[in-house]
Amino acid sequence: MRSFAYTRAADGHEAVAAYRQGAAYLGGGTNLVDLMRLGVATPDSLIDVTRATSGQVDDGPGGGLLIGAAVRNSELAADLRVRERYPVLARAVLDGASWQVRNMATVGGNLLQRTRCPYFQDVLTACNKRRPGSGCQAMAPGAETANLAILGQSAACAATHPSDMAVALTALGATVHVCGPDSREERGIPMPGLHRLPETTPERDTVLAPGELITAVELPPPPPGRSTYRKVRERASFAFALVSVAAVLEVADGTVTSSRLALGGVAHAPWRCHAAEQAMRGEPATADTYAGAAEAELAAARPLPGNEYKVTLARNLIAAVLEELTS
Ligand SMILES: Cc1cc2nc3c(=O)[nH]c(=O)nc-3n(C[C@H](O)[C@H](O)[C@H](O)COP(=O)(O)OP(=O)(O)OC[C@H]3O[C@@H](n4cnc5c(N)ncnc54)[C@H](O)[C@@H]3O)c2cc1C
């Protein structure tokens, strides 16, 4: 058992002032504490931030919402404004984890939860994300790749980002507000943009500097059209996405006027589908258009031996969700 210090910050300034190298912020602990038990995370001090940021969902400027980083996942999914105006987000959150986990998990912690790559979680294997320069077991012949990336991976890492909420926030174009130890001022990071692709530095999941604290997530006014979230997983509860789609679709007079699509389970970051969106714009809202859009997006896929099925799955899921939103 490794010992560690514990403090609870009263506000954001106290939290970032307490941050030192080797420390970690603690939200609900549903991911971090698991990783500490596995020996993957070894912080020497925990700064509890569940009272350091807002635990409320407030009306934002121009008809959007401002979600405090300490809002629990269950409270976010239950918020009437979220359910009515951002169904894609409510569904994504409800599709994640279990009631018990969602009651503990915070918005900030959900966005920064770490990959479920089996090699990242097993300290006895090589993993460039866990130990930079040690190699990537997922690239070895016979590796277990079924849950790994098909888009945007590098020779150093094929891990996927696990958060369902982040996929919906990417489709919605949310902004993540953070404050850090160096600049006390807050900055806003538009989604996608918080999470990064692995390149040669997979140990960095996000663009955050050490000690930066997520304080809130700002939702812009709801985009026009209908929205939904669809997740394919190995069982109906308690399972991470093999592939998921967050979709917002606006159709007028039988033509696609606007769309916002993001994929989960396929890359090191939530994957905004710019190619599919562009392929659909101004086209008839038909199954053929949707199949073509999905094809355009997946043209960039580079599956590993053993996860080729994800390409077909993602293609079919995009088309099916768009048809569902059109009917
Ligand atoms: C059995 C199980 C099933 C699950 N299934 C799913 C699923 O299907 N889909 C899904 O999306 N998730 C799933 N999860 C993951 C779950 O959603 C996350 O564990 C949870 O959202 C993390 O939130 P937390 O507040 O507990 O974070 P913590 O575990 O407290 O922290 C996670 C990370 O975020 C950092 N952090 C926390 N708050 C802040 C902040 N405000 N600013 C900066 N850094 C911060 C911590 O330092 C840590 O690195 C599952 C978890 C379990 C245990």
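Select E199 to begin: E199 lies in the loop between β7 and β8, where strands (E, at least two residues) and helices (H or I, at least four) are DSSP runs numbered from the N terminus. Residue numbers count from 1 along each chain as its sequence is written. The model is predicted, so local features need pLDDT of at least 70 and side-chain atom pairs count only at pLDDT 80 or more, while totals for chains, interfaces and linings use all residues.

The phi of E199 is positive, near 45°, in a residue other than glycine. Most residues other than glycine have a negative phi, and most peptide bonds are trans. Is E199 buried, exposed or partly exposed? E199 counts as partly exposed because 14 C-beta neighbours lie inside 10 Å. In these terms a residue is buried if 20 or more other C-beta atoms lie within 10 Å of its own, exposed if 12 or fewer, and partly exposed in between, with C-beta atoms placed from the backbone.

**The loop between β7 and β8**

Stay in this loop and select P192, which is also placed between β7 and β8. The peptide bond from M191 to P192 is cis, with omega near 0°.

**The five-stranded sheet**

Next, display β4, β5, β8, β6 and β7. In that order they form an open sheet of five strands with antiparallel pairing; two strands pair if DSSP finds at least two bridges between them. The edges are β4 (57–59) and β7 (186–190), each of which pairs on one side only. From one strand to the next, the twist averages 25°; angles run from 0 to 180 degrees between N-to-C directions, and axes are lines fitted to C-alpha atoms, for helices over the stretch in contact.

Now select β8 (residues 213–219), which pairs with β5 (residues 65–68) in the antiparallel sense over four bridges. L65 has L219 of β8 as its bridge partner.

**Helix α8**

Move to α8 (residues 164–172). Nine of its nine residues are buried, so α8 is largely enclosed by the rest of the structure. To colour them, select D164, M165, A166, V167, A168, L169, T170, A171 and L172. G173 follows α8 and has a positive phi, near 70°.

**A97**

Select A97, in the loop between α5 (87–94) and α6 (99–104). A97 is not a glycine, yet its phi is positive, about 55°. A97 counts as buried because 24 other C-beta atoms lie within 10 Å.

**Strands β9, β10 and β11**

Show β10 with its two partners. β9 and β10 pair in the antiparallel sense over seven bridges, and K231 has S244 in β10 as its bridge partner. On β10 and β11, which run antiparallel, nine bridges can be traced; V251 stands opposite V256 in β11. The hairpin of β10 and β11 has two residues between the strands, and D253 takes a positive phi near 50° there. β10 is mostly covered, with seven of its ten residues buried.

**Helices α10 and α11**

Finish with α11 (residues 309–326) and α10 (residues 287–298). These helices pack at an angle of about 145°, with their axes 9 Å apart. Which residues of α10 and α11 make the contact? On the α10 side, select A287, Y290, A291, A293, A294, E295, E297 and L298; on the α11 side, V311, A314, R315, I318, A319, L322 and E323. Contact here requires C-beta atoms, placed from the backbone, within 7 Å. By class, the contact has eleven nonpolar, no polar and four charged residues; Ala, Val, Leu, Ile, Met, Phe, Trp, Tyr, Cys and Pro count as nonpolar, Asp, Glu, Lys and Arg as charged, and the others, Gly among them, as polar.

Keep α11 selected. Its buried residues are K310, A314, R315, L317, I318, A319, V321 and L322. What covers the buried residues of α11? The covering elements include β9 (226–232), β10 (243–252), β11 (255–264), α9 (274–280) and α10.

Notes:
Two residues are in contact if their C-beta atoms, placed from the backbone, lie within 7 Å.
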